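This report describes selected residues of one protein chain and the contacts between them. Please keep the sequence and the model in view while reading.

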Amino acid sequence: MEREPKALSAVLHIVLRVIESQLQQTSAGAAPGARFGAVRFVHRLKAALNCHVHFLCGILDGVFEGGPDG
C-alpha cells in the first residue's frame, strides 16, 4: 500500500467506517445517523527511516447528532 495512495485511502476509510459503526451500536440512545469525531494521519516512516505505513487516529469516545436547529 505504500505506493498506492488510493488503496491506502480506501483501507483507512473502511477502518474508520467500522469504528463509527461500532460506536453507533454501543452508544445508548444514538440515532442511526449519529456521527463520530476523528483526526487521522497516515504515518509512513519508523525511527530508522524505513518505510512502515500505519494509521494514527485520535477518535472521540461516542457519537454526536444534530439537534432540531442543526
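Which residues does Glu20 touch, not counting residues up to four places away in sequence? Glu20 touches Ala34, Arg35 and Phe36, where contact means heavy atoms within 4.5 Å.

## Basis of the report

The model is predicted, and local features need pLDDT of at least 70, side-chain atom pairs count only at pLDDT 80 or more, and totals for chains, interfaces and linings use all residues. Residues are numbered from 1 along each chain as its sequence is written, and side-chain values use heavy atoms, with hydrogens and water left out.

Glu20 lies in helix α1; helices (H or I, at least four residues) and strands (E, at least two) are DSSP runs, numbered from the N terminus. With a relative accessible area of 10%, Glu20 is buried. The term buried means under 20% relative accessible area, exposed means over 50%, and partly exposed covers the values in between (1.4 Å probe, protein chains only).

A search of the whole structure finds one salt bridge, a term for a side-chain nitrogen of Lys or Arg within 4 Å of a carboxyl oxygen of Asp or Glu. Glu20 forms a salt bridge with Arg35, and the closest N and O atoms are 2.7 Å apart. Because Glu20 belongs to helix α1 and Arg35 to the loop between α1 and β1, the pair ties together parts that are 15 residues apart in sequence. Side chains of opposite charge can pair when their charged atoms come close. Glu20 is buried, whereas Arg35 counts as exposed, at 52% relative accessibility.

## The nonpolar core

The largest nonpolar core has six residues in all: Leu12, Leu16, Leu23, Ala34, Phe36 and Val63. A nonpolar core is a set of buried Ala, Val, Leu, Ile, Met, Phe, Trp, Tyr and Cys residues joined through side-chain atoms within 4.5 Å.

Ala34 is one of these core residues. Leaving aside neighbours within four places in sequence, Ala34 is in contact with Glu20, Gln24, Val63, Phe64 and Glu65. Val63, listed among these contacts, is also a member of the core.

Ser27 is found in the loop between α1 (5-26) and β1 (38-45). Ser27 is buried, with a relative accessible area of 19%. A polar atom of the Ser27 side chain lies 2.7 Å from the backbone oxygen of Leu23. Such a polar contact is a pair of N or O atoms within 3.5 Å; within protein, one must be able to donate a hydrogen and the other to accept it, and residues adjacent in sequence count only if both atoms are side-chain atoms. Not counting residues up to four places away in sequence, Ser27 touches Gly62 and Val63.

Ala28 also has its place in the loop between α1 and β1. Is Ala28 buried or exposed? Ala28 is exposed, with a relative accessible area of 83%. The C-alpha atoms of Ala28 and Gly62 are separated by 9.5 Å, and these residues are 34 apart along the chain.

## Residues of the two strands

Val42 lies in strand β1 and is partly exposed, with a relative accessible area of 35%. Leaving aside neighbours within four places in sequence, the contacts of Val42 are Leu8, Leu12, Val53, His54 and Phe55. Val42 and Val18 are 24 residues apart in sequence and 18 Å apart in space, C-alpha to C-alpha.

Cys57 is placed in strand β2 (residues 51-59) and counts as partly exposed, at 36% relative accessibility. Not counting residues up to four places away in sequence, Cys57 touches Leu12, Leu16, Val39 and Arg40. For Cys57 and Val39, 18 residues apart along the chain, the C-alpha atoms are separated by 5.7 Å.

## A nonpolar surface patch

Met1, Val11 and Val15 form a nonpolar patch on the surface, with about 220 Å² of accessible area together. Patches are made of residues with over 30% relative accessible area and no salt bridge: like charges are joined within 9 Å, nonpolar side chains (Val, Leu, Ile, Met, Phe, Trp, Tyr) within 5 Å. Accessible areas come from the Shrake-Rupley method with a 1.4 Å probe; for residues, only the protein chains shown count as cover.

Val11 lies in helix α1 and is partly exposed, with a relative accessible area of 31%. Leaving aside neighbours within four places in sequence, Val11 is in contact with Met1 and Phe55. Val11 and Met1 are 10 residues apart in sequence, and 9.2 Å lie between their C-alpha atoms.
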